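Hello,

Here is the structure we talked about. The notes on domains and helix packing follow below it.

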Amino acid sequence: MRILVIEDERKVASFIKKGLEEQSYAVDVSYDGKQGEQLATQNEYDVIVLDVLLPVQDGIETCRRIRQSKVNTPILMLTALGDTEDKVRGLDSGADDYLTKPFHFEELLARVRALLRRTGQDKTSLLQVAGLVLDPVTRDVRRDGTPIRLTTREFALLEYLMRNKGQILSRAHIAQHVWNVSFDMESNVIDVYVKLLRQKVDKDFDRALIHTIVGAGYMLKDEDADD
Ligand code: CA
């Protein structure tokens, strides 16, 4: 899967790139609309993430021109908070979906996956560990068939733990994937969320899946399984 990110804010662009690369996507970044358009029309991408406010050529115009070049790659547009006009103009210009800034990385990832799924390219999105099943697109979570209601952040945390099952995940790694760039590593927010998640995912079931690795972090694992 190859993704093009057109975003002039370097910090946001590198945050998106890093996160997507850690999910095994190949990522190209362009910092202006004109160059982005060139890349989009010269290469084959699976998804394009396109900011609205860009130098040289704005995102709306860039999107329109990419579509004029008969490139049908799904486009996820990044719009400013509360700017309804941008959203409408974005969709009118040929974007498939939009995401309002600021956003958490997991939200962007969910939209990207939904676009990949829509074009039939992401077939393995259902995550399963023992009787725990998570659908990243519908956001449905069940354990042994019982639906589990999670907040957006709890869901993102669980998805990250499940995607990396059997691996020890440090708090720093969890913060990078589940929280945004401004996350304060000194806080105990991750521990609080893990506790909340355990109450929903493990408490009423006969064996725990979320394990604390003392001095290292957390790990989601089915201890009765071989992997
Ligand atoms: Ca921008």
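Domain bounds here come from an automatic or database domain assignment. On that basis the protein chain splits into domain 1 (2–118) and domain 2 (127–220).

This is a predicted model, in which local features need pLDDT of at least 70 and side-chain atom pairs count only at pLDDT 80 or more, while totals for chains, interfaces and linings use all residues. Residues are numbered from 1 along each chain as its sequence is written, and side-chain values use heavy atoms, with hydrogens and water left out.

Domains: the C-alpha centres of domain 1 and domain 2 are 28 Å apart. Contact (heavy atoms within 4.5 Å) involves 13 residues of domain 1 and 14 residues of domain 2. About 1300 Å² is buried between the two domains, 51% of it on carbon and sulfur atoms; buried area is the accessible area (1.4 Å probe) that two parts lose on being put together, summed over both. On the domain 1 side, His 104, Glu 106 and Arg 113 lose the most area to domain 2, together 40% of what that side buries.

Helices (DSSP runs of H or I, at least four residues, numbered from the N terminus): helix 6 (residues 152–163) packs on helix 8 (residues 189–201) at about 85°, with the axes 10 Å apart. Axes are lines fitted to C-alpha atoms over the stretch in contact, and angles run from 0 to 180 degrees between N-to-C directions. Helix 6 is therefore roughly perpendicular to helix 8 (65 to 115 degrees).

Regards

Notes:
Helices (H or I, at least four residues) and strands (E, at least two) are DSSP runs, numbered from the N terminus. Angles under 35 degrees count as roughly parallel, over 145 as roughly antiparallel, 65 to 115 as roughly perpendicular and the rest as oblique.
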